[in-house]
Amino acid sequence: MLEPEVEARPWEEQLVVDDESYRTQLAYLFERSAFYRDKLAAEGITAPSEAGGLGDIAQLPLTEKAELRETHTPESPMGTHICAEAAEIVRIYSTSGTTGSPSFVPLTAGDLENWVTGSARSYAASGVTAGQRIVSTYNAGPFVAGAALAAFDRIGLCHIPVGTGNTERLLRSIESMRPEAVVLTPSYAAHLAEVASERGIDLPGSSVERVLVAGEPGGGEPAFRAILEAGWGARVTEAMGVGDIGVSLWGECEEQDGMHLGARDFVHAEVIDPQSGAPLALEHGAEGELVLTHLRHRAAPLLRFRTRDHVVVRASPCPCGRTGPRIRCVGRTDDMLIVRGVNVFPSAVRDVVGAFVPEVSGQVLVRPRASGVKQEPPLSVRVELARGHTGDTRLADAIRERLRSVLVIQTEVELVPWGTMKRSEYKSTLVERGR
Ligand SMILES: [Zn+2]
């Protein structure tokens, strides 16, 4: 553990510390954030004392990404929720803009320091230790993932940056530099395992003992994780950040049973019902949308920010000694489909189909017919066969039956030959719309 006095702090004590930080953060928002002054005043809250403490947070309104974007103007390009003076800002990242135009994420020196601290705890949870080598595939470009690179120095790792989209360089680095760990998206990890196998490169026999995945869900799905672990001969753990809140906020430990909040002290987590917005208790098995609040942020702190990430909560004690609830992300709230009243995430479909490896490759594509969330059965699912395998009705029927018994949905399974589906060096899409 990088910081046992923090990471193993009893959760009740954590909430006391966080309550104090939260009250200070609220006072700061009232003083400096035009956006939150207006937003809270609209709910009849005109002073920090009226907002109460962390225990009362669910009474405050949620913050939507679109609301923040609406306040972007030529005069205020970072939005009216910016709180710091221009001279205090030391870095400005931008988001990829997958759900609209890119937005800017400013940070003060203190914010950046806290990001790196949280990210280092999250990645160190995987078991990597000072003196080991790690090959990274993140580009230090405009995106917040670049901030995670500093976390590797903080842990004391020897960092070998390779960047995105350079498979040759990556495989050569593993062969010649003999790193103990690699960090990449789960899609890219899967792609590399296939490339290595095609070329007769013994990736499972390589020096890599740990594969750290982040950037999209997948590393926590049992069947998909099993595919990655077999392909690399290494332990796979995942990490997760949220662009507007912080990089690698969460990181999984060697128990592989959900991600711990590495950014504790800096961020408070809630889970809500994505439809009604009602708060859900952070209990074992709770499932809903992750909502995050900055506790010690200066540049552009956010209050009850809707992440659109759909998570499942694990609250049983973790043998690693880290305290507090853990999460597993099952997908974007926007990717959820409702098939005759049953909620389905494409990642869950992939996980069920993954149990049919080695007959299938593990690649799936969910192809909803109707636009929007609600779908009439059967839901069309395309499944790629493993190399050298030919599909038959028996296999398609078995997959369909398994999807029915596990996810309680009717599907129509189409088997396609190996290599049909597009591989990604970054993130994969599991849904194809607009046919
Ligand atoms: Zn743990």
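Two strands pair if DSSP finds at least two bridges between them, and strands here are DSSP runs (E) of at least two residues, just as helices are runs (H or I) of at least four, both numbered from the N terminus. The views below show a predicted model, in which local features need pLDDT of at least 70 and side-chain atom pairs count only at pLDDT 80 or more, while totals for chains, interfaces and linings use all residues. Residues are numbered from 1 along each chain as its sequence is written, and side-chain values use heavy atoms, with hydrogens and water left out.

**View 1. An open sheet of three strands.** The strands follow the order S16-S15-S18, with mixed pairing. S16 and strand S18 (374-375) stand at the edges with a single partner strand each, so one side of each has no neighbour in the sheet. Strand S15 (residues 337-339) and S16 are joined in the antiparallel sense by three bridges, and Val 339 has Val 342 of S16 as its bridge partner.

**View 2. Strand S5 and its parallel partners.** Strand S3 (residues 133-136) runs parallel to S5 and is joined to it by three bridges, with Ile 134 partnered by Ala 181. Four bridges, also in the parallel sense, link S5 to strand S6 (residues 210-213), where Leu 212 stands opposite Val 183.

**View 3. The enclosed helix H11.** Helix H11 (residues 346-354) is largely enclosed by the rest of the structure, because eight of its nine residues are buried. Among them are Pro 346, Arg 350, Asp 351 and Gly 354. The cover over these buried residues includes helix H10 (222-232), strand S14 (326-332), strand S17 (360-367) and helix H12 (393-407).

**View 4. The second largest pocket.** This pocket holds about 420 Å³ of space. Of its 22 lining residues, Ala 193, Glu 194, Ser 197, Ile 227 and Ser 361 are the closest to its centre. (On a 1 Å grid over the protein atoms alone, a pocket is an open set of points where a 1.4 Å probe fits, with protein on both sides within 12 Å along at least five of seven lines, and lining residues have an atom within 4 Å of a point; points are joined across faces, edges and corners, and the volume is the space filled by probe spheres set on them.) Helix H9 (186-198), H10 and S17 each supply at least two residues of the lining.

Definitions and conventions
Buried < 20%, exposed > 50% of the residue type's maximum accessible area, 1.4 Å probe, protein only. Contact = heavy atoms within 4.5 Å.
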